[in-house]
Amino acid sequence: MADKTYRRIILVGPPGSGKGTQAAILAEKLQITTISAGELLRAEARTGSELGKQIAARIDFGKLVPSEIIVKAMLNEIAKPENSAGYIMDGFPRSMDQVEMFDKLIHTSEYQDKNLEPDLVLLLQVPDDYIFDRILGRSQCANCKAMYHEKFKTPKVFGVCDICGGKEFTKRADDTHETVVSRLRTYRSVTAPVIPYYEEKGLLRCVDGTGPIDVVSEKIRKIVGY
Ligand code: AP5
């Protein structure tokens, strides 16, 4: 058991490393909310609003959306009174300019009393050949967005979502071979620089994300301390 239980957690890792999967497990165990940057953006894209169209034009091709959009959206979520017990941020911050904006904003008068400073950054490490297998085999419940995989995480009853009983499953528009190549390139050039930054701050813990889902979550459990 760790000395303390962390409750303001950032999950970083390449596309398909298991951030969403592990965030959902952690959220249930810690009884705190997961805020997925990708899900927030996809939800806005689904509304068909003008902003949603601009977002879809980027995420469907694996390009990051402008930081101004996502930083404020994530902050608004974690600052909600119902999230005062903590948060898990999946896929944010994803660039040094997002880190800088976030660090600055949480210390402004609007947010400084809300205790939003992260206390742990978990880096999921997974090599590229795993990533293609995981992303290209992924599907999602069309209703509750629960995540599945054709080989590694199938529903208990074939064709029926474990969580909500939904029977429709979809694939993400950005889960193509070509887009994964572009997302990986972006991860290496734009996102990876946040890792040494958090390491220097003493917040970073690395997790080998290559084992089965329950083995990875056990490693995370030991670090998080629940
Ligand atoms: P986002 O939705 O965050 O996508 P991502 O980072 O590319 O990560 P994924 O969701 O693809 O994978 P994951 O690591 O969550 O893995 P998962 O658990 O699903 O972002 C999408 C897009 O939105 C970005 O490309 C960008 O355009 C935009 N965006 C997002 N954040 C942004 C930001 N901050 N700024 C600007 N733009 C932003 O697992 C994958 C599959 O593998 C699943 O099927 C799962 O069942 C399976 N699996 C998981 N763990 C294991 C395991 N241990 N063993 C076997 N299978 C496993």
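A: A crossing is left-handed if the near helix is turned anticlockwise from the far one by less than a right angle, and right-handed if clockwise. The model is predicted: local features need pLDDT of at least 70 and side-chain atom pairs count only at pLDDT 80 or more, whereas totals for chains, interfaces and linings use all residues. Residues are numbered from 1 along each chain as its sequence is written, and side-chain values use heavy atoms, with hydrogens and water left out.

Q: Which hand does the crossing of α2 and α3 have?

A: The crossing of α2 and α3 is left-handed.

Q: How is a packed pair of helices described, and at what angle do α2 and α3 cross?

A: Two packed helices are described by the angle between their axes and the distance between the axes. Here the axes of α2 (residues 37–47) and α3 (residues 50–59) come within 7 Å and cross at roughly 125 degrees. That makes α2 oblique to α3, since angles under 35 degrees count as roughly parallel, over 145 as roughly antiparallel, 65 to 115 as roughly perpendicular and the rest as oblique.

Q: Which residues make the contact?

A: Contact means heavy atoms within 4.5 Å. L41, R42, E44 and A45 of α2 meet L51, G52, I55, A56 and I59 of α3. By class, the contact of α2 with α3 has six nonpolar, one polar and two charged residues.

Methods. Axes are lines fitted to C-alpha atoms, for helices over the stretch in contact, and angles run from 0 to 180 degrees between N-to-C directions. Helices (H or I, at least four residues) and strands (E, at least two) are DSSP runs, numbered from the N terminus. Ala, Val, Leu, Ile, Met, Phe, Trp, Tyr, Cys and Pro count as nonpolar, Asp, Glu, Lys and Arg as charged, and the others, Gly among them, as polar.
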